Every structure is written in structure tokens, then in C-alpha cells.
Amino acid sequence: MSTALGPGTLAEAIGDGAPGTRSGADRLHVYGLLYDLRSRKRLVRALHEQPDVRVDIYAVVGPDANDFDAEWRSMGVDIETILGDPAPEVEVQPAPTAAVEASWVAAQVKGALVDGVCRPHEIAVIARSGREDTHRVADALHAAGVPVTVRVRRPLAEVGALKAFLAIFRGGAEDWTYRALRTVVMSPYFDTSIRARTLDHLAADRRIRGLAQWSTAVGELLAGFRENPRAIWGTGLFEDYLEEDVKALEALERPTTAGRGRSERLGRGTLDLLK
């Protein structure tokens, strides 16, 4: 277990020779101190006064670093400036339209790859809008023959699985109109065993609402076909399929009926429909 110590507490521990502050090391590297010492003078002085340990302090300097050189030198500290990599140059390219901008970006990326400046996985393009700009730039890169991996944040309401669950609740809210029921039946996330052709045939003749009415309508259609088998010819419907549709509609109706514990039954019934 480790304990985080503030600069003042750590300076006292080092000055008192507390065990564990150096762990027997003969060299100590300290990172993250600001070049502006302020309240950290005690810590730097305690580290500098260690007789058996060489201490290297890596401080972050700013544009006013020269103002604090005297403070460091007053404690006998040797200063060495380590220069980092120069900041990259920023190029601003005006563009009259978003399409022209995407074409320019694709041309720059293609040129960098052709010239061997970098490899495809070393390039990142950040767009302003994930809904439009990201896809526009990706299309431009595809057109230029550049392999692209697109990461887009999508609203939850646009996620396929969540849209499927919302369709179940929307169907109940709309009392299972033709459009609402067919959306659930055609969803790749649910296995209702109900055939869309049956719904299409019934919806062409009349307006039906509610799972009970749909089940009754399919039952009536089945009874009519049994009385007159020729009535089924050319419809793409079959007697055994209609029997299965009646059972499937009754199974869908049970977990979505109103009453006590409706939300629990709806959730359990929805999970049972998952493929």
C-alpha cells in the first residue's frame, strides 16, 4: 500500500531520513515539478542535501523560465536545459464548401502516402461533425483509394438494437397498427414467427388495430380458406402458415397485455422474442 505525500511532508520525511523515502537507491529522478518553485523549495532543498543520492529533477519550464533561474542557483543546483521537439507547423486551408474541403484533405493524405511520408495507420483526420463531415471525408478518401476506418458517435436512438426495442413499445403505444406490427415482424433482432405476407394481405382489405384483432382476422382468413380452398390460390398464403401465424400472434399478445405487472411481462416477453 502506498501513500501520497505532499511536497512539504515529503521534504520533512527525506530530511528526517524516514525509511522508504529512497529505498536504498543511489539515484533519484523527480518528474512533474513546475520551474516556478514557490512552496516546493523545501522539497528541492531536502533532495539537494542528500549526501548519498544523486537527484535529477525534471521541471516543466515556461516562457518566463529565466525569471526563476536565480532561485534554483541560490540552492546550488546545476541547471541543464533539455529542448523538446519543435511544435509542428499549422497550415490553414480556406475552402468555399465542405465538399471542396473534403477533397483537399483527401488529396493531402494521398500525397503523403504516395511520397512515403507516413503509413496509413499513422494518419488521423478529425472532422467537425460526425453526422455529415466525417462521412463526407471518408467518402473522399475512399474515392482517392485510401483505406479508411471511421469512428462515429451515434445517438442511442439510431442504434439498431435499441431501435428494435423501441419498436416493441411503439407498437403497444399505437395499438399495433399495420405499420407498427410489420416493423417488429421484419426486425432482424426478433423472431416473432409471423409472416409479413399475411399482414400485407389483410391490410390491403381493411384497417386492423390491436393484436387481438390481428389474431382474429388471421383466424377468419384461415376459416375462409378451409371453406373454399381455391380462395388461397395466387395469394402466396398457405393453410399451415396461417395456422402458425395465429399461434405466433397469440404468443406475442400474451406478454404485452395490460394489467398488473405489465412492464415486467413486457420486458420478459420481449427478451423471449430475441433471436
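This is a predicted model: local features need pLDDT of at least 70, side-chain atom pairs count only at pLDDT 80 or more; totals for chains, interfaces and linings use all residues.
Residues are numbered from 1 along each chain as its sequence is written. Local features need pLDDT of at least 70, side-chain atom pairs count only at pLDDT 80 or more, totals for chains, interfaces and linings use all residues, and side-chain values use heavy atoms, with hydrogens and water left out.

The structure holds 2 aromatic pairs (ring centres of Phe, Tyr or the six-membered ring of Trp within 6.5 Å; planes under 30 degrees apart are stacked, over 60 edge-to-face, the rest tilted). Phe165 and Phe190 sit with ring centres 6.0 Å apart and planes at 85°, so this pair is edge-to-face. Phe165 belongs to helix α6 (residues 160-173) and Phe190 to the loop between α7 (178-186) and α8 (196-203), so the pair ties together parts 25 residues apart in sequence (helices are DSSP runs of H or I, at least four residues, numbered from the N terminus). Phe190 is buried at 2% relative accessibility, while Phe165, at 27%, is partly exposed (buried is under 20% relative accessible area, exposed over 50%, partly exposed in between, with a 1.4 Å probe and protein chains only).

Phe238 and Tyr241 also pair edge-to-face, at 5.4 Å centre to centre and 80° between the planes. Phe238 is partly exposed at 47% relative accessibility, as is Tyr241 at 35%.

Definitions and conventions: Helices (H or I, at least four residues) and strands (E, at least two) are DSSP runs, numbered from the N terminus.
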